[in-house]
Amino acid sequence: LHINVAAVRFQQGALAFQRDRLEDAYMHFRECLRARKYVYAYSKGYHLEVSTVLHELGCVAFAQKRVGKANEVFMDEKGILDQLCEEATTSSSSSSSSSSS
């Protein structure tokens, strides 16, 4: 799996969603998610690019009236964003205390 494959799959998913081909959109975004999780494995999946795909998957699931699945995916997205915010805050306060020493 390669980051370019993920980018192409994301664009295919966006186009399918725009054309109201929801099953195709979901499939493309799932493949994109798989590729991005592989590429960003070093971050344990806590990467903005992964959360972006989860957001799109949630939108597709909601459009399909799969509210439970949409909620699950949006909560996964939120978990990643919360983790990224926590890391940014920790990193920011670490560098602030280092520079003031």
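**Ring pairs and charged pairs in a predicted model**

Visitor: How many aromatic pairs turn up in a search of the whole structure?
Guide: Two aromatic pairs are found when the whole structure is searched. Keep in mind that this is a predicted model.

Visitor: What is the geometry of the Phe10 and Phe29 pair?
Guide: Phe10 and Phe29 are edge-to-face, with 5.4 Å centre to centre and 65° between the planes.

Visitor: Where do those two sit in the chain?
Guide: Phe10 is in helix H1 (residues 3-18) and Phe29 is in helix H2 (residues 22-39). They are 19 residues apart, so the pair links distant parts of the chain.

Visitor: Is Phe10 buried or exposed? And Phe29, buried or exposed?
Guide: Phe10 counts as buried, at 14% relative accessibility. Phe29 is buried too, at 0%.

Visitor: OK, and what about Tyr40 and Tyr42?
Guide: Tyr40 and Tyr42 also form an edge-to-face pair, at 6.2 Å centre to centre and 65° between the planes. Tyr40 counts as buried at 12% relative accessibility, whereas Tyr42 counts as exposed at 64%.

Visitor: Why does Tyr42 count as exposed?
Guide: Because its relative accessibility is 64%, and exposed means over 50%.

Visitor: Switching to Tyr26: which residue lies over its face?
Guide: That's Arg66, at 4.8 Å from the ring centre.

Visitor: Which residues is Gln64 in contact with, leaving aside neighbours within four places in sequence?
Guide: Gln64 is in contact with Leu22, Glu23 and Tyr26. With Glu23 there is a polar contact between the side chains, at 2.9 Å.

Visitor: Where does Gln64 lie?
Guide: In the loop between helix H3 (48-63) and helix H4 (67-99). Gln64 is buried, with a relative accessible area of 17%.

Visitor: Now the charges. How many salt bridges does a search of the whole structure find?
Guide: Five salt bridges. One of them joins Arg36 and Glu49, whose closest N and O atoms are 3.2 Å apart. This pair links distant parts of the chain, with Arg36 in helix H2 and Glu49 in helix H3, 13 residues apart.

Visitor: How accessible is Arg36? And Glu49?
Guide: Arg36 is buried, with a relative accessible area of 7%. Glu49 is partly exposed, at 31%.

Visitor: What about Lys69 and Glu72?
Guide: They form a salt bridge, with the closest N and O atoms 3.3 Å apart. Both lie in helix H4, three residues apart, about one turn of the helix. Lys69 is partly exposed at 25% relative accessible area, and Glu72 is partly exposed at 42%.

Notes: Residues are numbered from 1 along each chain as its sequence is written. This is a predicted model: local features need pLDDT of at least 70, side-chain atom pairs count only at pLDDT 80 or more; totals for chains, interfaces and linings use all residues. Side-chain values use heavy atoms; hydrogens and water are left out. Rings of Phe, Tyr and Trp (its six-membered ring) pair if their centres lie within 6.5 Å; planes under 30 degrees apart count as stacked, over 60 as edge-to-face and the rest as tilted. Helices (H or I, at least four residues) and strands (E, at least two) are DSSP runs, numbered from the N terminus. Buried means under 20% relative accessible area, exposed over 50%, partly exposed in between (1.4 Å probe, protein chains only). A charge sits over a ring if NZ of Lys or CZ of Arg is within 6 Å of the ring centre and within 35 degrees of the ring normal. A polar contact is a pair of N or O atoms within 3.5 Å; within protein, one must be able to donate a hydrogen and the other to accept it, and residues adjacent in sequence count only if both atoms are side-chain atoms. Contact means heavy atoms within 4.5 Å. A salt bridge is a side-chain nitrogen of Lys or Arg within 4 Å of a carboxyl oxygen of Asp or Glu.
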